[in-house]
Amino acid sequence: MGSSTSLTRSCLFQLSTRRMTINMSRQSTYRIISFTKQQQQQQQQQIPIQRRRCIRSFNTSCSLKQQQHEDHDLLESIASHRPKGRNRVINDKLYEAVSSTLNQSYTVPQLRLYLKTYYKHKTTININKAKKNDLIDLIINNFWGFPSRTMVLEAERKRKQDTVQTHFKTNKSELFFIIGDEGSMLRDIEQVNDVQITIMVDQGQYMIEGLPKNIARAQQAIREEFKQLIQEDCKLKSPLKEGLVFNDVVAKVMPIIPNISKQSKTFISVNKDDKFTFAALSKQSMDQAKLLLAQALSELNISDKKSLGAADYTFLNMTSDNNNNNEFEFMPLHDSQGMPLTTKPFGWSRISHVQGNQTEGPLYSSTKPLSFFNLIGDNIESEKNLSESNIKELLQKPFNFDNDTNIHLEARFGALLYENPKSKKSPILTTPKTNVFGADSLKEYTQQFKHQRFFFGLQPPANITAPLIPVMNDQNGIHRRSVVLDYVNRNALIEFQSEHENSSFDDTDNTKSFNRIRVEFLVQEDGSLVLEKAEGENNRSVIDLISVAGHVDIRLLAKQFTAFKTEDMIKIPDNYSQMILPNSLKSVIDQCELTGYSDFYCPQSFILESPMDLLEVSFKDEAHYLTEQNVVTLSDIDAQYSQARRTELMVTPIENEDEITSNGYYQPKNGLDKWNSFIESIQHVSKRWYYSFK
């Protein structure tokens, strides 16, 4: 028994030693060690638990990377079957071929994996439960966007079967906003709700075509837009001229209203109670529409209020060595880009010398003193032709001169335009008079003329500044960019009477009333603004000179003003009449902001003893040139509110040439003191004002 036991132990020992051997048959630095299961468990117990977790994590990450690599190859393989070409609708045969390839090459789980990876849009098909054919159609038709012709025809047939048309009654103001803004609102609603909207202006309704639920959503979207719609009825507060009725005013202003509505995003109509009805989506848009309409009405000569752009006197230049050369004619002129918003719908003509056979160059270069024939203007003692000194006296007549008077003097070059009579054939080209006429005939016609007249700045000839000396600016060379704000006293405009008067203004400034306010900013290279000028205009005098040197009309403007001063402004000469910047105007300046290259924000109205309304925001790219003791300014003007772009030339007298590059106040305190050199510079520029078409 003992021997058998010892034998058994010996066998067990031999078996155990066989399982743990060291192979030394080859000389190597490696040792192959085999452990028993118990020894392996003991060895694992000796390894820290964190180390074991790292080993398992490493093995798992390796398997995940391998699986991701395999999935990527699978997805790329499925995507390789996508049809090629720009045609998004494929024929049935090609569709069946692609569908058959996907059906035979891939399993359902593989197709589901492809859709779950790439197709993120909502669908009515449950990908986890969909059959193989449904998954294939979803990939080819919905995700790849290649339906077959049969599918397209079937979808169209079903859409027409389920589509309904619903008509909705509305009014013209709502139609204006649906169509307005170049149809952007209409397109957005159609795209979001998958419907088609048709406008029926004549019937006062619109039709929505689509699925019933989509029509309901589209109609709700339209109603949400109109929740903020405000409407107001206004009547004319300013009395009309004798003999005029409201219908006459409507007939004159009606061609302008569409432009004003488009610019201000406000629908303007006329009701039966002789009132204008304004409808807008914001109070700011409505106020802008009222202001634009008031400006337009003020230019139509319908009340006793003087037009903002009217001249006090109009003279015809009669200076000539040849007395037989004083014959004139009307020539049509229209510039839809350069003319203001309220003048674009009308046709216009200018007065021109009859040139005969002469094709280019100055019409004449007379050595005689300037002689002007009065066409229109009151309180002129002599009916004879006036000299240049008489023109100066008329310019300074409205002003009360004292030691504190600032007089700004300028001359703008362009054309005095007469409105063409209405014509069914061509109102733009139908001139007021078709025959040649003399000065007396023109005077009689001008005094009886009941339509509009306005002065329009013309594009100067390209060589006009060739002999002049350019003025260099320290920062921007010859050019500089500025923004000019023009405000006008509300009492100078046609006024409206509404049910809800605007009483939000707080009159806190104790200062005299001004007719106009002008604020000028210089635009720096980084887009920042530097306040250059702020002036309050007390009075102005305007004279138009027709056919100076036979080629160009000139508007002379003299204005009496007070300069406002502040610490941030360019220094004002000590001899200027000046006052501290009023708080209300300072508040306006603080709110001004350049929001784009040709887009500027500023308050539309403010109080400076009287309400002041924004007349225009003008962007000017200017270049200055010297001629004798005057400066010639060539300006590219972009008017924000009147939607006009034009180039103008202006001549102004200067006090000191050195101050032009560093100071905005380079003009003398009283520009009329420089009259002699000023009128000589005007003649010099006028004689060069001709166009060569060779």
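In which sense, left-handed or right-handed, does α5 pass α6? The crossing of α5 over α6 is left-handed. The legends below describe close-up views of a predicted model.

**Figure 1. Packing of helix α5 against helix α6 in the predicted model.** Helix α5 comprises residues 108–118 and helix α6 residues 132–143. Their axes come within 10 Å and cross at roughly 35°, and the crossing is left-handed. From α5, the residues V108, L111, R112, Y114, L115 and Y118 take part in the contact. They meet K132, L135, I136, L138, I139 and F143 of α6. By class, ten residues of this contact are nonpolar and two are charged, with no polar residue.

**Figure 2. Packing of helix α9 against helix α10.** Two packed helices are described by the angle between their axes and the distance between the axes. For α9 (residues 184–193) and α10 (residues 212–226), the angle is about 145° and the axes lie 9 Å apart. Here α9 passes α10 in a right-handed crossing. Helix α9 contributes M185, I189 and N193 to the contact, while α10 contributes N214, R217, A218, A221, I222 and E225. The contact of α9 with α10 comprises five nonpolar, two polar and two charged residues.

**Figure 3. The open sheet of three strands, β1-β3-β2.** The strands of this sheet pair in the antiparallel sense. Strands β1 (164–169) and β2 (196–200) stand at the edges; each has a single partner strand, so one side of each is left without a neighbour in the sheet. From one strand to the next, the twist averages 20°. Strand β1 is joined to β3 (residues 205–210) by six bridges, and the two run antiparallel. Within this view, Q165 stands opposite E209 in β3.

**Figure 4. The open sheet of four strands, β5-β6-β4-β15.** Pairing in this sheet is antiparallel. The edge positions are held by β5 (266–270) and β15 (496–498), and because each has a single partner strand, one side of each is left without a neighbour in the sheet. Neighbouring strands are turned by 30° against each other on average, direction ignored. Five bridges connect β4 (residues 230–236) with β6 (residues 276–280) in the antiparallel sense. Q231 stands opposite A279 in β6.

**Figure 5. Helices α12 and α13 at the sheet of four strands.** Helix α12 (residues 257–264) lies across β5 and β6 and runs at about 150° to β5. Helix α13 (residues 283–298) packs on the sheet, where it touches β4, β5, β6 and β15. The direction of α13 makes about 145° with that of β6.

Figure 6. Rolling a probe the size of a water molecule over the atoms shows where empty space is left. The lining of the largest cavity is made up of 25 residues, of which R518, E520, K533, M650 and Q667 are the closest to its centre. The elements that give two or more residues to this lining are β11 (406–419), β14 (479–489), β16 (516–523), β17 (529–548), β18 (552–565), β23 (610–627), β24 (630–639) and β25 (644–653). By class, the lining of the largest cavity divides into twelve charged, seven nonpolar and six polar residues.

Notes:
Residues are numbered from 1 along each chain as its sequence is written. This is a predicted model: local features need pLDDT of at least 70, side-chain atom pairs count only at pLDDT 80 or more; totals for chains, interfaces and linings use all residues. Side-chain values use heavy atoms; hydrogens and water are left out. Two strands pair if DSSP finds at least two bridges between them. Axes are lines fitted to C-alpha atoms, for helices over the stretch in contact, and angles run from 0 to 180 degrees between N-to-C directions. Contact means heavy atoms within 4.5 Å. A crossing is left-handed if the near helix is turned anticlockwise from the far one by less than a right angle, and right-handed if clockwise. Ala, Val, Leu, Ile, Met, Phe, Trp, Tyr, Cys and Pro count as nonpolar, Asp, Glu, Lys and Arg as charged, and the others, Gly among them, as polar. On a 1 Å grid over the protein atoms alone, a cavity is a set of points where a 1.4 Å probe fits but cannot get out, and a pocket is an open set with protein on both sides within 12 Å along at least five of seven lines; lining residues have an atom within 4 Å of a point.
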